[in-house]
Amino acid sequence: MKRNYDIDEINSLKSEINHMDPVDLAESFDEMSVKEIMLRFKLLDKDLAADTFAEMDRDKKREIIERFSDDDVEELITELDEDELVDTLQELPANMVRRVMDEFVVGDRRKVINRLLGYPKDSVGSIMTVEFLSAKAGSNCETVLKRVIASDLDADKLEQIWVTDKSLVLLGYVYLADILRSPDKTMEDILEPLPGSIEATDDQEIVAKIAYRYDLSEIPVTDSEGRLLGIVPVEDAIDIMHEEYEEDLSNIHGVQDTSDEDYLERSCFAIAKDRTTWLIICLITATMTGFIIQRYESLLASSVALAAYIPMLMDSGGNAGTQSSTTVIRALYTGKVHFKNIFAVMSKELKVGLITGSILVVVNFIRMTIIGAHGLSISLTVSATLLLTVTLSKIIGGILPLIADKVHVDPTVMAGPIITTLVDTFALLIYFEVATHLINL
């Protein structure tokens, strides 16, 4: 049903939405028709409209560009920051990208956008912004302050002024507050050392690591020779952390998430498709455990009690391996551990495995003594296997993420189904070999 607004209602709506956060506005637009959204965009301040548009999902962005007049689209595109425009273009179909680039992105800005679009997907260059203020090391603070006042950059992009040498090689940064306090000094006099930077071709995940490690509000981006190209604001680093967390969580649990849609909006078929890949892989690799059980079929037939403890041993090994991999992946992410530490990790996990395994053996032996009706040979077989399985699982769980990181594979892929499958195979082999030697058949 078409809704009519009176002047007072429109003024009230204008006041209300112009005091909202762009994130909340974009979320509220999800449930509105395109006509209602268009009305609200007409009432929004230019900056707020651009920030809200940047937060909207790709389907709504496409509808707005299709329905807006050319003048409205041009005004919206002009107000978007370069990194926001690149993000938008990457979400639009090819024909719409050509239209936006040909009609609304011109001059020097077109060159900048083309350069940013040329960086690989998920690279630092594809998310950085080129809107920043820099100054030479020998510049007088009073002169730089005049440039700040004359700048049309948003206030949050002027909190730090980047300092370079004559060759534009990044040296560090200066806080705007320090410039205000020391107008008679040079930039070099109040220069803050640069704790870390990243190259435009690096993976975007490094942005989150640098921001976390050094508590930076902006992360500088350089070329291979150290010249300043752009910056990544901390809010983008937080978005990357969120994306990487979701990706890692999916990898650990064997879910291949291929869509940005909300869970309730996705079809059951699409969700099933994403979840099935790893299940098929695990099903095929689990064939090994079937072969092992068949090989020792006569042993199981002679001592049926052994079969009762197979699930417990496999679960204990899988859980132990996942614990180690999760710990090592976290250490990798924070930069505390690298591939060169693989032998130190193996040694530590060996000791942890022996301690953990010994405790589990004591608890399990008591449990089997109280509730089990099996002989000593079965108890010793299960206990020895439990100790060896937990220890080996700890070592495997510790080194697989390091190996994955070394060959440039996401370590979290190793933290879920792969470790579980490997550990299950080794657990059965150890179990039946120990049983062969300890049980007198």
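Student: Which residue is the bridge partner of Val 163 in β3?

Tutor: Happy to start there, keeping in mind that this is a predicted model. Strand β2 covers residues 160-164 and strand β3 covers residues 170-175, and five bridges join the two in the antiparallel sense. Within that pairing, the bridge partner of Val 163 is Gly 172.

Student: And which residue in the turn of the β2 and β3 hairpin has a positive phi?

Tutor: β2 and β3 form a hairpin with five residues between them.

Student: Moving on to the open sheet of three strands, which strands stand at its edges?

Tutor: The order in this sheet is β5-β6-β7, with mixed pairing. Two of the strands each have a single partner, so one side of each is left without a neighbour in the sheet. Those edge strands are β5 (198-199) and β7 (228-233).

Student: In β6, what is the bridge partner of Ile 198?

Tutor: β5 pairs with strand β6, residues 218-222, in the parallel sense over two bridges. In β6, the bridge partner of Ile 198 is Val 221.

Student: Now the helices: are α3 and α5 roughly parallel or roughly perpendicular?

Tutor: Helix α3 spans residues 34-43 and helix α5 spans residues 58-67. They pack with their axes 11 Å apart, at an angle of about 75°. Angles from 65 to 115 degrees count as roughly perpendicular, so α3 is, relative to α5, roughly perpendicular.

Student: How many charged residues are in the contact of α3 with α5?

Tutor: From α3 come Val 34, Lys 35, Ile 37, Met 38 and Phe 41, which meet Lys 60, Glu 63, Ile 64 and Arg 67 in α5. By class, the contact has five nonpolar residues and no polar ones, and the number of charged residues is four.

Student: How far is the charged end of Lys 61 from the ring centre of Phe 53?

Tutor: A charge sits over a ring only when it is within 6 Å of the ring centre and within 35 degrees of the ring normal. The charged end of Lys 61 does sit over the ring of Phe 53, and its distance from the centre is 5.8 Å.

How values were computed:
Residues numbered from 1 in each chain as written. Predicted model: local features only at pLDDT ≥ 70, side-chain atom pairs only at ≥ 80, totals over all residues. Heavy atoms only, no water. Pairing = 2+ DSSP bridges. Helix = DSSP H or I, 4+ residues; strand = E, 2+ residues; numbered from the N terminus. Axes fitted to C-alpha atoms, helices over the stretch in contact; angles between N-to-C directions. Parallel < 35°, antiparallel > 145°, perpendicular 65-115°, else oblique. Contact = heavy atoms within 4.5 Å. Nonpolar A, V, L, I, M, F, W, Y, C, P; charged D, E, K, R; others polar.
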